[in-house]
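Reader: Could you walk me through how to read the features of a fold, one at a time? I'd like the general idea, then the case at hand.

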Amino acid sequence: MNDQHRIESLLRKYDSAAPRYTSYPPIPYWGEVTGEEVGSWLEEPPRRPDASLSLYVHIPFCRNRCYYCGCFVIISGKQEPAEAYMESVYREMALVRERIGEGRTVRQFHLGGGTPTFITPQSMTALVTR
């Protein structure tokens, strides 16, 4: 197979829409989360209920603005807003766990948004152990 055929083959193989890894929660939605909304975001039952998971947690807090950053961030010197945010994340995690079940293997875990080290070590521990 020559280079042109390989390129065309790759283009055909990967020419499909795929969700962004940050597509949960849906980009236009930021606010209180209820079980009903989680259910609508996760409408389709998993094709394989035992399949592994890839997780993305958006932590939108930074002490300073980076000029190259395109993420939604909250610039703050105070820890309290981040801790309140993390409590919401924990509640949402419980809603999702209730919907998809427990015991799934996490293969990838991504932190993004702002500066994940803005949260306390205790919050980071809670995030990865809940």
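Author: Ground rules first. This is a predicted model, in which local features need pLDDT of at least 70 and side-chain atom pairs count only at pLDDT 80 or more, while totals for chains, interfaces and linings use all residues. Residues are numbered from 1 along each chain as its sequence is written, and side-chain values use heavy atoms, with hydrogens and water left out.

Reader: Fine. How many helices and strands does the protein have?

Author: Helices (H or I, at least four residues) and strands (E, at least two) are DSSP runs, numbered from the N terminus. Here there are 4 helices and 4 strands, and along the sequence they come in the order α-α-β-β-β-α-β-α.

Reader: And what share of the residues is buried?

Author: Buried means under 20% relative accessible area, exposed over 50%, and partly exposed in between (1.4 Å probe, protein chains only). Of the 130 residues, 23% are buried. Strand 1 (residues 53–59) is largely enclosed by the rest of the structure, because 5 of its 7 residues are buried.

Reader: Which strand is joined to strand 1?

Author: Two strands pair if DSSP finds at least two bridges between them. Strand 1 and strand 4 run parallel, with 7 bridges joining them. For one of the pairs, look at His 58, whose bridge partner in strand 4 is Gly 112.

Reader: On to helices. How far does helix 3 reach?

Author: The expected span of a helix is 1.5 Å times one less than its number of residues. Helix 3 (residues 80–100) has 21 residues and reaches 30 Å from its first C-alpha to its last, close to the 30 Å expected. Its buried residues are Ala 82, Met 86, Val 89, Tyr 90, Glu 92 and Val 96. Just after helix 3, Gly 101 takes a positive phi of about 95 degrees.

Reader: What does Ser 123 contact?

Author: Ser 123, in helix 4, counts as buried because its relative accessibility is 4%. Beyond its neighbours within four places in sequence, Ser 123 is in contact with Glu 83, Met 86 and Tyr 90.

Reader: How many salt bridges does the structure hold?

Author: Side chains of opposite charge can pair when their charged atoms come close. The cut-off for a salt bridge is a side-chain nitrogen of Lys or Arg within 4 Å of a carboxyl oxygen of Asp or Glu. The structure holds 1: Asp 3 with Arg 6, the closest N and O atoms being 3.5 Å apart. Both lie in helix 1 (residues 3–14), 3 residues apart, about one turn of the helix. Asp 3 counts as exposed at 53% relative accessibility, and Arg 6 as partly exposed at 43%.

Reader: Last one: which residues make the nonpolar surface patch?

Author: Leu 55, Val 106, Phe 109, Leu 111 and Val 128 make a patch of about 370 Å². Patch residues have over 30% relative accessible area and no salt bridge; like charges are joined within 9 Å, nonpolar side chains (Val, Leu, Ile, Met, Phe, Trp, Tyr) within 5 Å. Areas come from the Shrake-Rupley method with a 1.4 Å probe, and for residues only the protein chains shown count as cover. Strand 4 gives the most to the patch, with 3 residues.

Terms used. Contact = heavy atoms within 4.5 Å.
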